[in-house]
Amino acid sequence: MKKDQYYFDVLIRCAAFGCEAALFLQESLANFDPQNIVAHMEAVHEIEHKADDLKHEMMRKLGKEFMTPIEREDILTLSHELDNVVDCLDDVMQRIYMHNVLALRGDMLEIVDVIVRCTEALRHALEELPNFKKSQTIVVHIVEVNNLESEGDALYMQAMRRMNTSESNPVNILAWTHIYEGLENCLDACEHASEV
């Protein structure tokens, strides 16, 4: 049982890295200063690096296990999807840096707020995973992730519409389309993990 708990604990920690990266992104953008973008990008990348290290440690252990608490393929797939959440959050900060964003669009913060809530709901679902056979709330958290992803999709569509009806500079349109797509990828990554 102690050995089995290891995998559940690691998956919970993987989900927690997603929460940490989302909260850092939210804080960085709420107090946005283009002078700090390199430092913020490196800080998010450090979270992503720690998440990768944890995943690789678990995969080494998994390679030696004879029996696992849930199917080996499910552990691998879920850890990959949780890692993808952190990768997508890291990618958003990189996109902001690449496009040399000097000022944020206000609707961006609304989408980031949904991403933060989505990563938290995903973490709550993972905390219930050790009790998946008897849990009364794991499904509630999974449904919450799906609902938040839909809410985020609606905000994404509104933001894209607003930008395309108010922005005339094609370079800005291209840059912000790329950034908004990065945010939407974060929501999709959370949903994919919750589906697994």
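Q: At what angle do helix 4 and helix 6 pack, and how far apart are their axes?
A: First, a heads-up that this is a predicted model. Helix 4 (residues 106-128) and helix 6 (residues 170-195) pack at an angle of about 15°, and their axes are 10 Å apart. Angles under 35 degrees count as roughly parallel, so helix 4 is roughly parallel to helix 6.

Q: And which hand does the crossing of helix 4 and helix 6 have?
A: Helix 4 passes helix 6 in a left-handed crossing. Among the residues making the contact are Ile111, Ile115 and Leu122 of helix 4, along with Trp176, Tyr180 and Leu183 of helix 6.

Q: What classes of residue are in the contact of helix 4 with helix 6?
A: There are 15 nonpolar, two polar and one charged residues in it.

Q: OK, what about helix 5 and helix 6, at what angle do they pack?
A: Helix 5 and helix 6 pack at about 170°, with their axes 9 Å apart. Angles over 145 degrees count as roughly antiparallel, so that is what helix 5 is to helix 6. The contact includes Tyr156, Ala159 and Met163 of helix 5, and Trp176, Thr177 and Tyr180 of helix 6.

Q: How do the residues of the contact of helix 5 with helix 6 divide?
A: That contact has 12 nonpolar, six polar and six charged residues.

Q: You mentioned Ala159. Is Ala159 buried or exposed?
A: Ala159 has a relative accessible area of 0%. Buried means under 20%, so Ala159 is buried.

Q: What is Ala159 in contact with, apart from its neighbours in sequence?
A: Leaving aside neighbours within four places in sequence, Ala159 is in contact with Asp107, Ile111 and Tyr180. Ala159 and Tyr180 are 21 residues apart along the chain, and their C-alpha atoms are separated by 8.1 Å.

Q: Where does Asn100 lie, and is Asn100 buried or exposed?
A: Asn100 lies in the loop between helix 3 (72-98) and helix 4. Asn100 counts as exposed because its relative accessibility is 54%, and the cut-off is over 50%.

Q: Last one: what span should helix 2 have?
A: Helix 2 (residues 37-64) has 28 residues, so at 1.5 Å a residue it should span 40 Å. The C-alpha atoms at its ends are 41 Å apart, which agrees. The buried residues of helix 2 include Ile37, Met41, Val44 and Leu62.

Methods: Residues numbered from 1 in each chain as written. Predicted model: local features only at pLDDT ≥ 70, side-chain atom pairs only at ≥ 80, totals over all residues. Heavy atoms only, no water. Helix = DSSP H or I, 4+ residues; strand = E, 2+ residues; numbered from the N terminus. Expected span 1.5 Å × (residues − 1). Buried < 20%, exposed > 50% of the residue type's maximum accessible area, 1.4 Å probe, protein only. Axes fitted to C-alpha atoms, helices over the stretch in contact; angles between N-to-C directions. Parallel < 35°, antiparallel > 145°, perpendicular 65-115°, else oblique. Left-handed = near helix turned anticlockwise from the far one by under 90°. Contact = heavy atoms within 4.5 Å. Nonpolar A, V, L, I, M, F, W, Y, C, P; charged D, E, K, R; others polar.
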